Amino acid sequence: MVKDAFHGRALRVAVIGSGPAGFYTAEELLRLDIRAEVDLYERLFAPYGLVRYGVAPDHQKTKLVTKRYDKLANEEGFRFIGNVEIGVDINFSTLREHYDAIVVTSGTESGGALGIPGEDRQHSHHAFEFVNWYNGHPDHQHHRFNLQTHTAVIVGNGNVAIDVARILAKSEEELRDTDIPKSVLSMLTASKIKEIRVVGRRGPVQASFTPKELKELGELAECSTWIAPEELDLNAASEAELNDGDIRTRGIVDLFNGFANAPGNGKNLRLQFHRSPIEITESGVRLVKNALQGEAGAQRAEATADVENLDAGLIISCIGYRAKTIEGLPFNDQRGVLLNDAGKVETGIYTAGWIKRGPSGLIGNNKKCAAESVKTLRTELEVLPPCPKPFRPEINKRTISYADWKRLDAEETAQGSPRKKVLSLEEAIEILDR
Ligand code: NAP
């Protein structure tokens with residue numbers, strides 16, 4: 001039997017950020033052995049964070065996880081409060097006065113920088129902009145990407161680089177059954193890009209791809225993925241890493257070997273290793289060739305004297321994301337995470353998701369991460385003072401409830417495939433006021 005055990009009433013918790021970590025945190029809180037009331041705050045009008053705006057639009061099955069979040073949203077004790085930005089619409093310190101505990105799950109808000117000359121040139125972008133743009137994020141619809149160029153260079157060897165390359169490589173037909181906004185879809189399908197290069201600073205064994213995602217690059221309808229065979233030569237330390245490595249590493253190297261070939265006649269996606277961008281130039285990018293140094297398992301890319309200039313009208317760096325701190329909370333600027341111990345920032349303030357542990361892992365990893373943080377919170381209930389002010393602060397602006405969101409969702413779904421994503425707050429409010 002769940003009890004009202006926190007000072008004779010339910011525990012009042014605000015969760016900031018409605019991506020997967022926010023929903024899993026709310027779920028863990030509602031499964032506690034004492035009754036909890038959870039308010040899930042979201043800056044945007046739509047929930048789901050990374051699932052809506054980060055997961056690639058051609059990975060619709062992955063996005064089905066939102067069904068689970070919808071179920072949770074119907075549970076007693078859960079409330080979604082959209083269109084409220086903490087620190088802008090309401091201060092964090094005010095929020096603290098109205099809740100017993102706060103869990104920050106606001107994820108990442110920008111991309112890591114390459115830190116090289118020319119990075120701010122018009123044809124140079126971070127994946128954060130491009131991914132949010134093709135996923136219809138309301139803050140990112142103003143970006144313009146040069147898709148009328150022959151060559152695009154994607155920097156980084158993680159799954160985000162694969163997503164970006166795949167979206168650029170897919171044909172109109174392959175992109176049709178997605179939730180890419182129509183305006184974006186028409187720009188992507190008018191693309192003139194014929195060559196996509198994915199460039200890693202280290203070697204094939206050190207790439208962070210996962211086999212399932214890499215395999216998709218070999219299944220593109222109108223684009224050939226290839227690697228020059230000599231790119232797959234390994235030094236002794238990389239051989240050792242491969243032999244001692246996990247199934248994932250073996251899996252991706254096997255896939256690379258399958259791609260070792262010559263380019264096709266049409267559109268090509270080329271994987272290259274051991275290269276780092278050192279300058280974004282007027283006509284493209286200057287790359288330096290790297291040699292791997294160090295012991296197996298800890299090899300670093302060291303620049304050689306070998307430099308090449310590549311003509312490219314679009315450069316997208318996919319080198320990780322960064323969180324934005326909340327004023328007053330301790331932040332590790334280098335790692336871009338809130339300082340925390342098993343999710344505890346300080347008594348009464350906790351964190352989960354990418355702002356807690358950094359930008360890595362799949363959606364499901366956030367469940368374990370949220371469970372750890374809520375467990376930490378649970379152990380502190382004896383020492384947690386009840387909030388001094390009444391439950392829920394007043395918010396003097398139009399907020400979005402979950403029922404509002406479901407109306408917007410129904411409107412998007414009704415538009416069929418591709419779904420017409422609601423792209424702005426004004427559009428959302430216009431629909432809700434009809
Ligand atoms: P990631 O997996 O950490 O990959 C980042 C890549 O950027 C690495 O190859 C890294 O190389 C490289 N890099 C970092 N700094 C660099 C620099 N200054 N110059 C050149 N290269 C640099 O990160 P991610 O791709 O952003 O993905 C984030 C998380 O989301 C990952 O866990 C990923 O698996 C997950 N994700 C999953 C999916 C999916 O399942 N479909 C899709 C997207 C993302 P080094 O290794 O040398 O540092």
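Is His7 buried or exposed? His7 is exposed, at a relative accessible area of 53%. The legends below describe close-up views of a predicted model.

**View 1. His7, in the segment before E1.** The phi angle of His7 is near 50°, a positive value in a residue that is not glycine. With a relative accessible area of 53%, His7 is above the 50% cut-off and therefore counts as exposed.

**View 2. His274, in the loop between strands E10 and E11.** Strand E10 covers residues 267–272 and strand E11 covers 275–280. His274 is not a glycine, yet its phi is positive, at about 55°. The relative accessibility of His274 is 18%, so the residue counts as buried. His274 is also one of the residues in contact with Asn290, the subject of the next view.

**View 3. Asn290 in strand E12.** Strand E12 runs over residues 284–293. Asn290 has a relative accessible area of 9% and is buried. Its side chain makes a polar contact with the side chain of Ser276, at 2.9 Å. When neighbours within four places in sequence are left aside, the contacts of Asn290 are Arg201, His274, Arg275, Ser276, Ala301, Glu302, Ala303 and Thr304. Among them, Arg201 is also listed with the residues that come nearest to the ligand.

View 4. An N or O atom in the side chain of Asn159 is 2.9 Å from an oxygen atom of the ligand. Backbone atoms also take part: a polar backbone atom of Val160 is 3.1 Å from a ligand oxygen, and a backbone N or O atom of Cys318 lies 3.5 Å from an oxygen atom of the ligand. On its own the ligand has 920 Å² of accessible area, of which the protein covers 78%.

**View 5. Helix H14, residues 365–379.** H14 has 15 residues and spans 22 Å from its first C-alpha to its last, close to the 21 Å expected at 1.5 Å a residue. Its buried residues are Asn366, Cys369, Ala370, Ser373, Val374, Thr376 and Leu377. Seen down the helix axis, these fall within an arc of 150°, so they line one face of H14. The face turned away from the buried side carries the exposed residues Lys368, Lys375 and Thr379.

**View 6. Helix H16, residues 425–432.** The buried residues shown in H16 are Ala428, Ile431 and Leu432. They cover an arc of only 95° around the axis, which puts them on the same side of H16. Helix H15 (402–414) is included in what covers the buried residues of H16.

**View 7. Val88, in the loop between strand E3 and helix H5.** Strand E3 covers residues 78–82 and helix H5 covers 92–98. Val88 counts as exposed, with a relative accessibility of 58%. The C-alpha atoms of Val88 and Ile429 are separated by 20 Å, and the two residues are 341 residues apart along the chain.

Notes: Residues numbered from 1 in each chain as written. Predicted model: local features only at pLDDT ≥ 70, side-chain atom pairs only at ≥ 80, totals over all residues. Heavy atoms only, no water. Helix = DSSP H or I, 4+ residues; strand = E, 2+ residues; numbered from the N terminus. Expected span 1.5 Å × (residues − 1). Buried < 20%, exposed > 50% of the residue type's maximum accessible area, 1.4 Å probe, protein only. Arc of directions from axis to C-beta. Near = heavy atom within 4 Å. Polar contact = N/O pair within 3.5 Å; in protein donor to acceptor, adjacent residues only side chain to side chain. Areas by Shrake-Rupley, 256 points an atom, 1.4 Å probe, with all protein chains shown as cover. Contact = heavy atoms within 4.5 Å.
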